[in-house]
Amino acid sequence: MCYAIPGKVIAINGRRVTLEYFGEKREAVSELTCLAPGDFAYAQGGWVIDRVPPEEASTILDFWKEQFFELQQRDLRLSRLSLDRTGIDRHTAMVFDRALEELPLREDELLTLLELEGPRELEYLYKTANFLRYKHQGNSCCIHGIIEFSNHCSRGCHYCGISTLNRDLPRYRLSRAQILEAVGEAIDKWGFKALVMQAGEDPERSVEEVAEIIAEIRSRWAVLLFISCGEIGIPGLHRLFDAGARGLLMRFETSNPELYAKLRPGRRLEDRLEHLTAAREMGYLLITGGLVGLPGQTSRDLLKDILTARNLRPDMYSFGPLLPHPATPLAGAQRPTSEAVRKVLAVCRIADPRESRLVVTTAFETLDETAREQGLTSGANSVMLNVTPEAVRPSYELYPNRAHVGEAISRQIEVTLDLLGRLGRAPSDLGIRETDGDISGV
Ligand code: 5AD
């Protein structure tokens with residue numbers, strides 16, 4: 001199974017490597033010492049994962065060659081934007097113009113977009129975001145796998161189904177051997193190049209133990225590893241970076257400090273943001289964002305969430321709907337509409353058109369079974385597949401009836417590739433488009 005396309009190294013400048021595939025040039029950061037011009041390599045999230053032997057690269061490139069250009073054409077066709085603004089009021093049309101000219105939008109303009117209601121305007125919003133995604137990032141889509149390795153958690157977050165508030169949930173903690181087995185299967189059998197290791201804030205598993213597991217994974221496989229196990233402290237972040245983690249998935253949930261304090265008793269927004277900033281400075285790639293549809297959340301709050309995420313210069317934005325869990329204090333909350341979530345995705349893309357990826361979250365897929373297509377045509381270009389062992393997946397119950405809980409990995413891959421094919425997207429993500437300038441980071 002291969003669903004990453006290797007690139008040819010065409011230039012190396014210190015740790016910055018330029019890769020080329022089918023005429024597309026991308027920049028990525030490499031920690032490999034063995035890479036030379038003419039070599040082939042896989043990269044994800046702007047980070048070189050591994051050298052690929054030339055025979056293997058040529059087999060995979062041959063496999064993709066014809067398909068790639070077909071996909072690109074299809075995406076180009078589907079991403080075209082008509083200049084017909086009939087039915088859109090003048091002020092909104094002007095905001096779209098400025099977005100398309102890539103003039104930085106003011107906050108009030110972004111808010112106008114977030115507050116759009118009319119079907120014609122919304123359609124234009126999504127299309128503008130999709131157009132900008134195509135223009136700057138091309139048709140590549142990155143596919144990460146997520147392994148949920150423990151659902152023990154010592155926090156009492158009011159929205160979360162694995163918090164201490166849910167007393168009836170069967171708890172699990174994968175052993176080191178089980179984690180390694182799941183990782184091995186994801187990489188060797190299914191071809192994943194980037195994995196997120198997620199868990200609750202499990203007091204029984206020390207940072208040191210997680211560090212050892214990460215070090216073992218990195219010594220056995222070439223993979224971009226994201227950690228996502230809550231606030232482990234600045235020394236914890238250092239320890240896991242040293243062990244080989246290169247990404248952090250951590251949402252700040254909401255940028256409204258009062259709402260944050262209410263929903264995460266005893267925790268402070270500023271500590272969360274400090275964690276994210278420190279991780280960024282250490283060289284972690286960041287995936288961050290928040291929840292859409294929290295009780296009391298306004299569109300100004302959502303705008304601030306998008307801007308807060310943008311300030312953190314994330315590798316990827318992650319915004320998804322709140323799905324109330326019956327065992328939590330938010331049990332009676334309303335689910336947001338798909339449109340509300342889709343608007344946030346589109347505005348994220350318009351606010352940051354060039355460099356960051358944007359994921360369609362599983363929560364959005366749970367809210368709406370057409371979410372992937374909706375998200376991918378509104379600026380998103382990333383999906384996460386669940387590679388947690390199937391036996392424990394139902395117990396990672398952040399919210400009820402999570403999408404893909406009962407779906408074998410093979411099936412998730414099949415469905416994903418089918419959708420990407422229909423939308424003209426290639427499961428490749430070699431980094432940042434070279435012409436789009438600076439890649440900061442590692
Ligand atoms: N609905 C949607 N997302 C949730 N999360 C936690 N609980 C819920 C819920 N009920 C999200 C949080 C957290 C991530 C791991 O899961 O944003 O950061």
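## The ligand site

Author: Happy to! The ligand takes up the space of the largest cavity; it counts as sitting there if more than half of its atoms lie within 2 Å of the cavity's grid points. This is a predicted model, in which local features need pLDDT of at least 70 and side-chain atom pairs pLDDT 80 or more, while totals for chains, interfaces and linings use all residues. Residues are numbered from 1 along each chain as its sequence is written, and side-chain values use heavy atoms, without hydrogens and water.

Let's begin with the space itself. The structure holds 5 cavities of 30 Å³ or more, and the largest has a volume of about 870 Å³. (A cavity is a set of points on a 1 Å grid over the protein atoms alone where a 1.4 Å probe fits but cannot get out; lining residues have an atom within 4 Å of a point.)

The largest share, 3 residues, comes from β15. Sorted by class, the lining has 24 nonpolar, 11 polar and 8 charged residues.

Now move in to the ligand. Around it you will find Y159, C160, Q198, R251, E253, L291, P321, L322, L323, L398 and Y399, each with a heavy atom within 4 Å. This shell has 8 nonpolar, 1 polar and 2 charged residues.

Next come the polar contacts, pairs of N or O atoms within 3.5 Å. The side chain of R251 places an N or O atom 2.8 Å from an oxygen atom of the ligand. On the backbone side, an N or O atom of L323 lies 2.8 Å from a ligand nitrogen, and a polar backbone atom of L398 is 3.3 Å from a nitrogen atom of the ligand. The protein covers 88% of the 400 Å² of accessible area that the ligand has on its own, by the Shrake-Rupley method with a 1.4 Å probe.

One last stop is the loop between β15 and α14 (409-423), where N401 is found. Though not a glycine, N401 has a positive phi near 55°.

Technical notes
On a 1 Å grid over the protein atoms alone, a cavity is a set of points where a 1.4 Å probe fits but cannot get out, and a pocket is an open set with protein on both sides within 12 Å along at least five of seven lines; lining residues have an atom within 4 Å of a point. Grid points are joined across faces, edges and corners, and a volume is the space filled by probe spheres set on the points. Helices (H or I, at least four residues) and strands (E, at least two) are DSSP runs, numbered from the N terminus. Ala, Val, Leu, Ile, Met, Phe, Trp, Tyr, Cys and Pro count as nonpolar, Asp, Glu, Lys and Arg as charged, and the others, Gly among them, as polar. A polar contact is a pair of N or O atoms within 3.5 Å; within protein, one must be able to donate a hydrogen and the other to accept it, and residues adjacent in sequence count only if both atoms are side-chain atoms.
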